[in-house]
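Biologist: I am new to this structure and would like to learn how to read the way its parts pack together. Could we look at it side by side?

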Amino acid sequence: MLNLLSILFGLVSLVVVIPATIPLLGWANWLALPLIAIGVVLGQLSSSNGGRNFCLIVLLIAAVRLTLGGGII
């Protein structure tokens with residue numbers, strides 16, 4: 001059950017992160033980061049690793065985008 005919740009948090013945050021790759025929408029990644037963190041914690045508590053790994057991939061995408069934009073843009 002926790003793995004399913006982790007995947008759900010990952011999907012919701014992915015919906016926020018994908019449009020945030022557009023220039024001047026990078027601030028939306030800051031809104032997605034808490035959701036991703038909750039998904040990683042739930043995935044860590046579950047018995048399987050699929051949800052946690054999915055959230056970590058979404059975190060990687062958001063972190064790369066924030067790094068390229070200087071953290072704000």
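Biologist: In which hand does H1 cross H2?

Modeller: In this predicted model, H1 passes H2 in a left-handed crossing. Two packed helices are described by the angle between their axes and by the distance between those axes. Here the angle between H1 and H2 is about 165°, and their axes lie 8 Å apart. Because angles over 145 degrees count as roughly antiparallel, H1 and H2 are roughly antiparallel to each other.

Biologist: Which residues of H1 and H2 meet?

Modeller: From H1 come Leu 2, Leu 5, Ser 6, Phe 9, Val 12, Ser 13, Val 16 and Val 17, and they meet a set in H2 that includes Ala 28, Ala 32, Leu 35, Ile 38 and Leu 42. Sorted by class, this contact of H1 with H2 holds 13 nonpolar and five polar residues, with no charged residues.

Biologist: How do H2 and H3 pack, in angle and in distance between axes?

Modeller: The angle for H2 and H3 is about 155°, and their axes are 8 Å apart, which means that H2 is roughly antiparallel to H3. The crossing of H2 and H3 is left-handed. By class, the contact of H2 with H3 has ten nonpolar, four polar and two charged residues. Among the residues that H2 brings to this contact are Trp 30, Leu 33, Val 40 and Gln 44, while H3 brings, among others, Arg 52, Cys 55, Leu 59 and Leu 66.

Biologist: What are the length and reach of H2 itself?

Modeller: Helix H2 covers residues 28–45, which is 18 residues, and it reaches 27 Å from its first C-alpha to its last, close to the 26 Å expected at 1.5 Å a residue.

Biologist: Which residues of H2 are buried, and what covers them?

Modeller: The buried residues of H2 are Ala 28, Asn 29, Ala 32, Ile 36, Gly 39, Val 40, Leu 42 and Gly 43. Their cover includes helix H1 (2–17) and helix H3 (50–68).

Biologist: Is Arg 52 buried or exposed?

Modeller: Arg 52, whose place is in helix H3, has a relative accessible area of 19% and is therefore buried, since the cut-off is under 20%. If we leave aside its neighbours within four places in sequence, Arg 52 is in contact with Asn 3, Ser 6, Val 40, Gly 43 and Gln 44.

Biologist: Where does Ser 46 lie, and what is it in contact with?

Modeller: Ser 46 lies in the loop between H2 and H3, and at 12% relative accessibility it counts as buried. Once its neighbours within four places in sequence are set aside, Ser 46 is in contact with Leu 2 and Asn 3.

Biologist: Turning to the loop between H1 and H2, how accessible are Pro 19 and Leu 24?

Modeller: Pro 19 is found in that loop between H1 and H2 and, at 35% relative accessibility, counts as partly exposed. Leu 24 lies in the loop between H1 and H2 as well, and with 63% relative accessibility it counts as exposed.

Biologist: What is the phi of Leu 24, and what separates the C-alpha atoms of Pro 19 and Ser 6?

Modeller: For Leu 24, phi is near 70°, which is a positive value in a residue other than glycine. As for Pro 19 and Ser 6, they are 13 residues apart along the chain, and their C-alpha atoms are separated by 21 Å.

How values were computed: Residues numbered from 1 in each chain as written. Predicted model: local features only at pLDDT ≥ 70, side-chain atom pairs only at ≥ 80, totals over all residues. Heavy atoms only, no water. Helix = DSSP H or I, 4+ residues; strand = E, 2+ residues; numbered from the N terminus. Expected span 1.5 Å × (residues − 1). Buried < 20%, exposed > 50% of the residue type's maximum accessible area, 1.4 Å probe, protein only. Contact = heavy atoms within 4.5 Å. Axes fitted to C-alpha atoms, helices over the stretch in contact; angles between N-to-C directions. Parallel < 35°, antiparallel > 145°, perpendicular 65-115°, else oblique. Left-handed = near helix turned anticlockwise from the far one by under 90°. Nonpolar A, V, L, I, M, F, W, Y, C, P; charged D, E, K, R; others polar.
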